[in-house]
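Hi,

Here is the structure I promised to pass on.

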Amino acid sequence: MALAVCLLFDRRTERLIRELWARLEGKGIRTLESHTHGRHHPHLSYAVMLEWDLAGARTALGDLPDKGGFDVSFQGTVAFPRGRAALAPAVPADVATRQETVAGVVVAAGAMLHRHYLPGRWVPHVSVATRAAGPALAIVVKEVADVLPLTGTVERAALIDSSTGQLWSLPGVP
């Protein structure tokens, strides 16, 4: 599947996102709670790799300076093709630069990035629904709107294998 460089949230933010997932699941809408192996973490991905060298990526990312956590403000819903829906966060301006740095580092370490994570193409988002086309999308938008505005804090980063949920913590937040 994929290996992602993920930004992970503090406990409060993670709990609020998981509660949103649970409400949507209760309405019959698939979320990351039930997607594939069911061990997904609420996250904001900096980079999604389709091909990679795990050891090389871990080493390269571990060499990046810790830029520290940051606050996000969720302002709405973003809808992607094939029924994917996500929270749309406002992030500090330097986060786009951080993302480009991370993308460049993993590519230099031999990874092939998904095209949506190439520098200049990244759309920050936190996945909510995996298949919410048509009428289901309206339910997602309403449920998200009912919890907005929502603020959260990114406090750590990890590499996560999307096929298994295995997580390798990074020493800081790039």
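**What turned up**

Let's start with Ile 29, which sits in the loop between helix 1 and strand 2 (helices are DSSP runs of H or I with at least four residues, strands are runs of E with at least two, both numbered from the N terminus). Bear in mind that this is a predicted model, where local features need pLDDT of at least 70 and side-chain atom pairs count only at pLDDT 80 or more, while totals for chains, interfaces and linings use all residues. Residues are numbered from 1 along each chain as its sequence is written, and side-chain values use heavy atoms, with hydrogens and water left out.

Ile 29 has a relative accessible area of 3%, so it counts as buried (buried is under 20%, exposed over 50%, partly exposed in between, with a 1.4 Å probe and protein chains only). Leaving aside residues up to four places away in sequence, Ile 29 touches Leu 24, Ala 129, Ala 132, Ala 136, Ile 139 and Val 140 (contact means heavy atoms within 4.5 Å).

Some of those names come back where two helices meet. Leu 20, Arg 23 and Leu 24 in helix 1 are in contact with Ile 139, Val 140, Glu 143, Val 144 and Val 147 in helix 4. Six of the residues in this contact are nonpolar, none polar and two charged (Ala, Val, Leu, Ile, Met, Phe, Trp, Tyr, Cys and Pro count as nonpolar, Asp, Glu, Lys and Arg as charged, the others, Gly among them, as polar).

The peptide bond from Leu 148 to Pro 149 is cis, with omega near -5°.

Arg 82 is another one to click on: it is not a glycine, yet has a positive phi of about 65°. You'll find Arg 82 in the loop between strand 3 (70–80) and strand 4, and its relative accessibility is 71%, so it is exposed.

Cheers
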